[in-house]
Amino acid sequence: MICPGCSCLCDDVYIKDGRVFNACRRGREIFAKYSENRTVAKVDGKEVDVDIAIEKAVEILKDAKNPAIYGLDTTVVEAQKLAIDVAEKLNGYIDDNSSFCLGELVEAVLKGELPTTTLDEVRDNAYVLVYWGTNPYHSLSRHLSKYTYYPRGKKRPRGYDEDRFLVVVDVRRSETAVLAKKNARFIRVDDDAELVDSFVKVVEGKAAKYAKDVGVVITEMKKADFNVIFGGLGLKYGLKDLNQFKEMVKKLNEVAPVYFIPAGFHGNMRGFNETLFERVGHVNRYSFGDSKSGEEFAFTELLKNEKIDAALIVGTDPVYSLPFEVSSKLGKIKSIVVDPRMSFTARIADVVIPSAISGVEAGGTMVRSDGVRVKLEPLEEKEINDVYILNKIKEGL
Amino acid sequence: MALNPMDIYKLLPKTNCKKCGEATCMSFAFKLLNREKKLEDCKPLYEDKKYERQRKKLEEMLKPLEEATETGLIVDESLCTGCGNCVVVCPVHVEKDPKGAAVGNGPTIDDPILRVEDGVVKVINMQACRRYGKNRVLCVVCRENCPSDAIRFLEG
C-alpha cells in the first residue's frame, strides 16, 4: 500500500492481522485511526443529507462575489483538477498551503531554474546529500532510511558506510544533525544568505565566512558525478531572495553535478503545484478573475484583508494551522468544509461535507516530493469522496 | 544510564569469599552484567544485615537488565518515531535481505532482527544479532543511527 502521510509516499507499507508494518508513527496513525473523529454532513450546524449539503454549498458559491478555494494538499490530483475547474467557473481564487510552505521551491524546479532528479536516482547514485533547513526526522521520517543516506544503491553499494557524504545545514543541532557523524558535516548557520555566498565565493576561489566547511563539502562533491541538495522551510524563510540560491546551484554545477529536490510537505502538495502549473503557469495563489498569481492572492492574505466572502476548504484545517488573527476572519465569511474528519474548521463552517481519506478510502494519483506520480492503493473505495463532491459542485454551478 | 562492572563491584561485599563460585567479587560483577550470574548468588549480600543498603542499591541498579534483550539491547518505544534507520543500517539485514532492508525498504524476510510495527521498532529475532552468542561482536550501529535515542545498550 501507499502511505499518504507525507510527501515520501512510502510504497512498502502493509497491514496484517490488524497491525501496520513498515509505516512510521505518523503513517501508522492514518491507517490505524482512520475511522476516528469522522464528520457528518451539516448545514448551519444541523445534520442533513450529503446531497443537501452539496446543494447548499453550490448555492453559497453561486451567491458569492469573491469566492476562494483553499487546501487540497491531502487529496488526489483528480480532485485537484476538479477544484481548479470550480475556481475557474467561479472566476475566483485558488490556493493551497504551499503559498507559505515550499511552493516557491517547487515552482523553481518546475520552471527548470533548478536541476532536479528523482529519489530513486538519489538512492542509486547520490554521493553528497545536503539537507538544508529541513529536519526530516520530524517532517519526512523515512526520507533518510528509504531514499537517501542509509540505503545501498546501484552505484553506491556500501550505503552510508562509505558511499555517502551527509551535510546538514541548520540553525540548531537538530535530530538529523545528530546523525552527521562519520563521512558527514554539520554546518550551523546564523544567516543562510552568508552560506550561499560562501559557496559561490569558494567556487570562485575567494575567501568566505564558511570557507572551511564549504571547502570540505565542495571537495567531496567534486569526487562524484551526482550530488543533491534537499531544501526545506529553513532555506525558504532563511533567504530573502531565492535567486541567490539558484545562482549558487548554477555555480556549483560548474564544478560538480548538483541536483535539487524540495523536502518536507503534505502528501500531495507537489501534485497541486504541478496541476495548477500545467493549467495556468503558476503553482499557487492564483486569481482567475485577474488571470494572474500574486502574494496578495494567498489565502491568508485574502482572509486577513477581507477580500473574500466565501471559502471552499478541502482537506485542511486553517482554524488549527493558521494564526488566530487570520483564521478568526473565517467567522465573518461563508465557509464550506470538505473533510473526512471533524476538524476545528468543520466545527465553525456553514456547510460541512464528509469525504473519504485519500489513500485509505479513496484511490487516485499523488505526486511525491520529487515529482514521481504514485497510484494510491486504498483499503476500500468509498462512493462519496473528494472527486465525487467536487464533481457535483462543478456540475451544480 | 550505562551500567559498568566497576559500579557493581563497589557495592558488592569485596571479600572474595568465593561462595558464589567465582574467584573474586570483581569477576562476579562481570558475570552479573553478562547475566551469567544472578544477584542472589552472592550469599553474604542477603544473609548479612550490614549489606542491606548496598543490596537495595544493586537491585535498583540492575533493573534494566531485566527489560533488556539477550544482547543488552533496550528499545524505548515511547521515543521511537519509526524512521527505520536501525532496520536499514543493520549489517545482518544487509546480508540476509539485499532486496528489502538493504535498499531502504521494510524487511522482506520473515525473521528480521528489527522491524517497524505499528509505527515503532520491535525486536523480532534477537538470535540473529551479531551481539548474540559466544562469538559476539560489540556492534552498535542501530544505536549510533537512532535520531531519537530510542535504542540503547546496557553498556551505554
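Me: Before we start, how are the residues, chains and ligands labelled here?
Reply: Residues are numbered from 1 along each chain as its sequence is written, while chains are lettered from A and ligands numbered from 1 in the order in which they are written. Because the model is predicted, local features need pLDDT of at least 70 and side-chain atom pairs count only at pLDDT 80 or more, whereas totals for chains, interfaces and linings use all residues.

Me: How many residues of strand E14 in chain A are buried?
Reply: Five of the five, residues 310-314, are buried, so the strand is largely enclosed by the rest of the structure. Buried means that 20 or more other C-beta atoms, placed from the backbone, lie within 10 Å of the residue's own, and a strand is a DSSP run (E) of at least two residues, numbered from the N terminus.

Me: Which residues cover each face?
Reply: A:Ala310, A:Leu312 and A:Val314 lie on one side, with A:Ala311 and A:Ile313 on the other. In a regular strand, side chains alternate between the two faces of the sheet.

Me: And which strands are joined to E14(A)?
Reply: E5 (residues 67-71) of chain A is joined to E14(A) by five bridges and runs parallel to it, with A:Ala68 opposite A:Ala311. Five bridges also join E14(A) to the parallel strand E15 (residues 334-339) of chain A, where A:Leu312 stands opposite A:Ile336.

Me: Switching to chain B, what does it span?
Reply: The C-alpha trace of chain B spans about 60 × 30 × 20 Å along its principal axes, and buried residues make up 35% of its 156 residues.

Conventions
Buried ≥ 20, exposed ≤ 12 C-beta atoms within 10 Å, placed from the backbone. Helix = DSSP H or I, 4+ residues; strand = E, 2+ residues; numbered from the N terminus. Pairing = 2+ DSSP bridges.
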